[in-house]
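These are notes on the fold and its packing.

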Amino acid sequence: MARLPRLSPIGIPQHIIQRGNNRQACFSSEQDFAAYANWLKEYAERYRVLIHAWVFMTNHVHLLATPLADNAVSNMMQALGRLYVRYYNREYRRTGTLWEGRFKSSLVQSDNYLLLCSRYIELNPVRACMVNDPAAYRWSSYHSSALGVESDLHSPHLEYIALGSSPEHRCEVYRSLFQELLEEKLISDIRQATNKGMAIGNDRFKDEIEFNLDRRVRPKKAGRPRACHRHEK
């Protein structure tokens, strides 16, 4: 069965995950992280994608991004993935695939959910018990959003800009958001939506996406199991 085309409407943020094949490492040195970040910036600019948040883990990547053109995210991820695999295979004298199939993605409602998703992404190293504070992990957008470190990769979303009237105020307010833990249900919802290509947001947002794009963006409701008949085999 042919795969459905990705949902990638212009102007709607997406949470993107790219995993290493069989959960194997796809970053083995600081040089690898730096190379990936540099090429992500290059291809995001080329294909017109705004990168709002990111974290590069040893065996996977999370991005929060908004496409400004048709197929922008797919074009960016395909070009980036191919180039990085060539680099990694050459660097470590290996062959074969590096990524676990296609990247996964989900649409994210800007209102109320975008900053939650950003926190989910930047807290990944904390949930993985790699650090106790997101500021202690280098390869994350937390340094830009919460600490004001300039990055050519970072494109602040309007929801982030609305946090304050100055860069310093925005950083202060954003840091304060991390004083509250993310609810386990929200973490589960974000994971499920991204793995299944659904949407993260309220029912109104999902209704609008389904109406405008004629695609289901929420899991099917569980129905009653079909009754078994005596003569069925």
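1. Five strands form an open sheet with mixed pairing, in the order β2-β3-β1-β4-β5. β2 (49-56) and β5 (199-200) are the edge strands, each pairing on one side only. Strands pair if DSSP finds at least two bridges between them; strands (E, at least two residues) and helices (H or I, at least four) are DSSP runs numbered from the N terminus.

2. The model is predicted: local features need pLDDT of at least 70 and side-chain atom pairs pLDDT 80 or more, while totals for chains, interfaces and linings use all residues. Residues are numbered from 1 along each chain as its sequence is written, and side-chain values use heavy atoms, leaving out hydrogens and water.

3. Within the sheet, β1 (residues 14-19) is antiparallel to β4 (residues 104-108), with four bridges between them. Ile 16 stands opposite Ser 105 in β4.

4. Two helices lie across strands of this sheet. α1 covers β2 and β3 (60-67) and runs at about 165° to β2. α3 lies across β1, β2, β3 and β4, at about 155° to β3. Axes are lines fitted to C-alpha atoms, for helices over the stretch in contact, and angles run from 0 to 180 degrees between N-to-C directions.

5. α3 (residues 114-122) also packs on α8 (residues 184-196), at about 90° and with the axes 11 Å apart. α3 is therefore roughly perpendicular to α8 (65 to 115 degrees). Leu 116, Cys 117 and Tyr 120 of α3 meet Leu 186, Ile 187, Ile 190 and Arg 191 of α8; contact means heavy atoms within 4.5 Å. Six of these contact residues are nonpolar, none is polar and one is charged.

6. Trp 39 belongs to α1 (residues 30-47). Trp 39 counts as buried because its relative accessibility is 17% (buried is under 20%, with a 1.4 Å probe and protein chains only). Leaving aside residues up to four places away in sequence, Trp 39 touches Leu 80, Leu 83, Tyr 84 and Tyr 87. Leu 83 is 44 residues from Trp 39 in sequence, with 8.3 Å between their C-alpha atoms.

7. The largest nonpolar core has 62 residues, and those with the most contacts inside it include Tyr 36, Leu 40, Met 76 and Tyr 84. Such a core is a set of buried Ala, Val, Leu, Ile, Met, Phe, Trp, Tyr and Cys residues joined through side-chain atoms within 4.5 Å. α2 (72-91), α7 (167-177) and α8 are among the elements giving two or more residues to this core, and α2 gives the most, 11.

8. A second, separate core has seven residues, including Leu 7, Leu 107, Phe 205 and Val 217.

Definitions and conventions. Parallel < 35°, antiparallel > 145°, perpendicular 65-115°, else oblique. Nonpolar A, V, L, I, M, F, W, Y, C, P; charged D, E, K, R; others polar. Buried < 20%, exposed > 50% of the residue type's maximum accessible area, 1.4 Å probe, protein only.
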